[in-house]
Amino acid sequence: MLVLLEAFKAIKEKHLEAKKIVEEATAQAAKLMNEAEKKALSVYEEAYRKTLSQAEQKAMDLKREAAKEAEKKLAIFLSTAENQAKGIEAKAKKNFKKAVDSVLNMILC
Amino acid sequence: MESTRVITEMILDEAKRSAEGILQEAEKSAEDLLEKQKQRGVQKANEAAKILLKKAESEAELNKLNSIANSKIKANWVILSKKETWIDNVLNEAKTVLKIMTKTKKYLPILEKLITDAGVILGGKELEVLLNPQDSALPLRLDNIAKKITEKTGFETKLKLSEQKLEVIGGAIVRIANCKVIMDNTFDDILRRGEKDLRFEIAKILFF
């Protein structure tokens, strides 16, 4: 009878110990979830910020690229214009006297 | 005693397994929650990014088109200013040649013709001739000129040299006596009047 009582007592103690283990795990789980919920906003914000920052970088690259392209065009236009201007100068030098004579004719005739 | 030990070990093992299960599930839930939040953040940012990129694309394109248009204007301006400079050079050279010519013998008949033409346009009669100081000293045959105007207009014409002197390269202003009506046949005014057409003509000769 004594042995049986000892056995029941041991089982009861282990039950209590088991209950405590489960309770601690439950508390730990609740703490984990609590921390995750607290962290959730910063995770959201970080993901948002990182993704948007990449897009902002891409937008800046787009604008930079377009500006570079426009600069290249400007250089081409100016170079073409300078060449044309040289051609104009050559023609103008050649025809200068003829043009002056034409003005004089218009005034004097 | 042995059976009691087995039972208690079973109880503890079961409790440990349960505890492990609870913790694993919590960890998974926490991970899922964070992953979901992360995805939500990315998705929301992607929506904003789409708008941002679209705006950036159109701004970049617009800026590019503006810059290209400005570049074309600049390039055209380089050519245009070069042409304008040469046209100005021609006009200045023509003025210089005219100034030199006013000191030669060739000038007197030209001046007389300018006065005649002005007198005819005014319809003859009593006319005054205004010249620059240098031309005022020339041996102008005003009677001859008046005669020509008379012939062309049919009105008896008299010409008088005005005391008033002009500051012009050459040529003359003819004025109806006692009247404000004038005909400006100075080189300066002929150039000014014809400048628009002249520039066009000069451009045609110089650049084509």
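**View 1. The domains of chain B.** In this predicted model, chain B is assigned domain 1 (1-76) and domain 2 (102-207), with bounds that come from an automatic or database domain assignment. The centres of domain 1 of chain B and domain 2 of chain B, taken over C-alpha atoms, are separated by 92 Å. Residues are numbered from 1 along each chain as its sequence is written, while chains are lettered from A and ligands numbered from 1 in the order in which they are written. Because the model is predicted, local features need pLDDT of at least 70 and side-chain atom pairs count only at pLDDT 80 or more, whereas totals for chains, interfaces and linings use all residues.

**View 2. The side of chain B that touches chain A.** Here 64 residues of chain B are in contact with 61 residues of chain A (two residues are in contact if their C-beta atoms, placed from the backbone, lie within 7 Å). On chain B, α1 (2-101) and α5 (187-207) each supply at least two residues of this side, and α1(B) gives the most, with 53 residues. Helices here are DSSP runs of H or I with at least four residues, numbered from the N terminus.

**View 3. The surroundings of L98(B).** L98(B) is found in helix α1 of chain B, and this residue counts as buried because 22 C-beta neighbours lie inside 10 Å (buried requires 20 or more other C-beta atoms within 10 Å of the residue's own, placed from the backbone). Leaving aside neighbours within four places in sequence, L98(B) is in contact with I169(B), G170(B) and F187(B). The C-alpha atoms of L98(B) and I169(B) are separated by 7.3 Å, although these residues are 71 residues apart along the chain.

Technical notes
A residue is buried if 20 or more other C-beta atoms lie within 10 Å of its own, exposed if 12 or fewer, and partly exposed in between; C-beta atoms are placed from the backbone.
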